Amino acid sequence: MKTFSVCCLLMIAYYTCATVNADVYFRDPKPNNEWWSSTILYQVYPRSFKDSNNDGIGDLKGITQKLDHFVDLGIETLWVGPFFKSPMYDIDMGYDVEDFYMIDPIFGTMDDLEELVFEMNKRNLKLIIDLIPNHSSSKCEWFEKSIKQEGKYKDYYVWRNASNQDEVLSNSSITPIPPNNWLSLFGGPSWTWNKQRKQFYYHEFRKQQPDFDMRNPEVKQQILDVMEFWMDRGVTGFRIDAFKYLYENISLPDEPFKPGRSNASEYTEMYHIYTTDQPEVIDSALEWRAFMDDYTKRKNKTISSLMSTESYSPVNVLMQYYGNFMNSGAHIPFNMGLVIIKKDDHIVESIDTAIKDWLYNLPENAVPNWVMENHDNPRASTKFGALTVPMFTALKLALPGIDVTYFGGPIAGRARDYQRCPMQWDNSINAGFTEEKKSWLPVNPNYYKLNVETQKKNPTSNYNFYKKMSQLRKTGTLKNGDLQTYNITKSIYILKRSLLEHESYIVVTNFGSETETIILSNVIRDIKDELFVYLGSENSEYSPGNKVSTISTGYPLQLRPQSVVVLTDKYIEPESPSNGASGCIELSSKCISFICVFVLSRWFL
Ligand SMILES: [Ca+2]
Ligand SMILES: [Ca+2]
């Protein structure tokens with residue numbers, strides 16, 4: 001009893017000390033050294049990454065050609081978007097799969113994939129691909145067979161009679177009425193009548209994307225077969241698309257309107273309580289994880305496969321995707337908290353809320369993850385301005401857990417407000433994306449200066465900023481350290497990582513419009529009087545090795561608007577003069593030698 005009281009007192013004392021001035025205190029539950037636990041998952045949008053055969057469209061061989069790009073950036077895991085055979089209908093192109101076992105000729109062949117995996121393995125890179133289990137294309141052979149009610153395919157999809165089925169069957173001029181009021185995400189009924197089968201089929205997305213009936217055991221097995229097929233080809237896991245839409249309530253009740261709403265064809269006017277995040281979705285998370293773990297054992301794989309899920313669901317639901325004490329679920333239920341923050345005066349508060357929401361709700365031993373950009377949303381540079389790119393890079397890459405980076409993010413490709421535009425590699429024609437005169441989407445005309453090659457040469461570029469942050473993630477502190485955040489004003493946001501017997505790192509950002517003087521010792525307890533700059537954004541005017549006082553005397557941090565510095569209590573050697581400066585010195589010494597020779601030769605002659 002006495003020991004218990006002492007323990008309680010110690011715990012209270014410990015938490016009081018630890019949280020006295022920090023907004024979030026997050027302690028990594030245990031050193032987590034799985035290959036995925038602090039990885040960067042880099043999303044490659046294959047159409048726009050690199051074209052190898054000059055048809056203007058990116059392809060698998062193109063990705064293979066650019067693998068050293070990832071090695072240079074310190075990225076270990078690629079998530080390559082869908083490359084399966086597909087009619088590529090409309091803007092959702094590629095997410096309407098016609099053949100789940102085939103690569104679309106636009107992207108290449110099975111041999112190209114084999115070469116990609118081989119070259120990735122050589123570089124210790126891992127490949128994650130999309131799994132699209134909710135629906136197929138209406139051109140998929142399975143759907144065609146389902147229409148004809150052929151064998152096991154008969155109930156592969158969600159087929160239902162019309163509400164007025166008897167009348168329709170007896171009189172072909174009568175319009176069939178859908179079984180209920182459910183809507184497609186793109187507006188209008190999510191039911192489309194099939195004249196041949198004389199039934200409605202359900203589609204959460206477009207009518208060209210019919211939903212599978214996930215309650216059918218044959219379908220469940222089919223999905224597992226698809227997973228195994230690609231894992232056999234060297235894929236180390238999946239990003240599971242549209243996860244919350246896997247199941248619909250079996251008795252098809254109408255969905256209710258939101259208060260004061262009545263537009264029966266507008267998706268956002270209803271609560272989708274019977275078509276999203278049904279309890280069976282969580283079961284799928286557990287079953288598929290178990291299947292993937294079992295695969296690792298069966299095939300004697302040295303590393304486990306990674307399961308990530310895409311759902312814009314409430315945090316409490318996403319936390320259930322992680323699984324429970326008995327059974328694990330997804331390694332990464334994508335955390336979209338930072339994707340949805342808006343540009344306004346409360347940005348610091350919004351970032352803080354997004355971080356807190358995830359970490360406070362995280363189950364024990366689960367690893368957090370952070371997404372900010374993807375193919376469906378505008379880039380941060382478009383939304384918040386180009387100067388904020390290193391600020392978000394520093395914050396995101398300094399947070400514990402897994403980072404998800406969207407292609408082009410490290411150079412802050414500002415692609416005409418369109419996040420799918422081709423990657424800008426260099427200043428050659430079409431930014432080095434393709435030699436074809438026309439690429440599938442136009443390349444941003446700013447590519448002559450905004451490209452990977454140019455940024456690589458500039459030590460203060462966004463590319464090199466990202467690279468240095470990614471190198472920092474290899475330290476014990478960033479891998480396993482604690483996190484504290486300080487939300488002190490509307491413009492200043494501070495994030496600290498620390499680990500016993502290791503150096504600490506402090507990210508300080510200024511989202512405001514004026515230069516701010518920050519006395520860090522007023523904010524952070526037990527801080528040394530002087531810290532070193534590990535990294536500063538170009539506009540911060542701080543360079544690695546600069547000293548900063550954390551007290552009011554000396555040289556306290558003066559942070560320019562829209563800038564960021566990363567500070568540490570470890571000694572950082574000041575950077576040697578830049579190439580330009582040493583070039584000058586070299587040039588002037590050459591001049592002096594020349595003058596000397598000239599003078600001496602005049603003297604003697
Ligand atoms: Ca191509
Ligand atoms: Ca579904």
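In the structure, which is a predicted model, strands β6 and β10 (residues 237–240) run parallel and are joined by three bridges. Within this pairing, isoleucine 129 stands opposite phenylalanine 238 of β10. Strand β6 also pairs with strand β3 (residues 77–80), again in the parallel sense, and this pairing comprises four bridges. One contact of this kind links tryptophan 79 to isoleucine 128, its bridge partner in β6. Strand β6 itself covers residues 126–131, and five of its six residues are buried; the strand is therefore largely enclosed by the rest of the structure.

Attention then turns to helix α8, which covers residues 279–298. A helix of 20 residues, at 1.5 Å a residue, should span 28 Å, and the end C-alpha atoms of α8 lie 29 Å apart, in agreement with that expectation. The buried residues of the helix are Val281, Ser284, Ala285, Trp288, Arg289 and Met292. Viewed down the axis of α8, these buried residues fall within an arc of 125 degrees, and so they line one face of the helix. The elements against which they pack are β11 (306–309) and α9 (315–321).

The other side of α8 presents exposed residues, namely Pro279, Asp294, Lys297 and Arg298. After the helix comes asparagine 300, which has a positive phi, near 50 degrees.

Terms used: Residues numbered from 1 in each chain as written. Chains lettered and ligands numbered in written order. Predicted model: local features only at pLDDT ≥ 70, side-chain atom pairs only at ≥ 80, totals over all residues. Helix = DSSP H or I, 4+ residues; strand = E, 2+ residues; numbered from the N terminus. Expected span 1.5 Å × (residues − 1). Buried ≥ 20, exposed ≤ 12 C-beta atoms within 10 Å, placed from the backbone. Arc of directions from axis to C-beta. Contact = placed C-beta atoms within 7 Å. Pairing = 2+ DSSP bridges.
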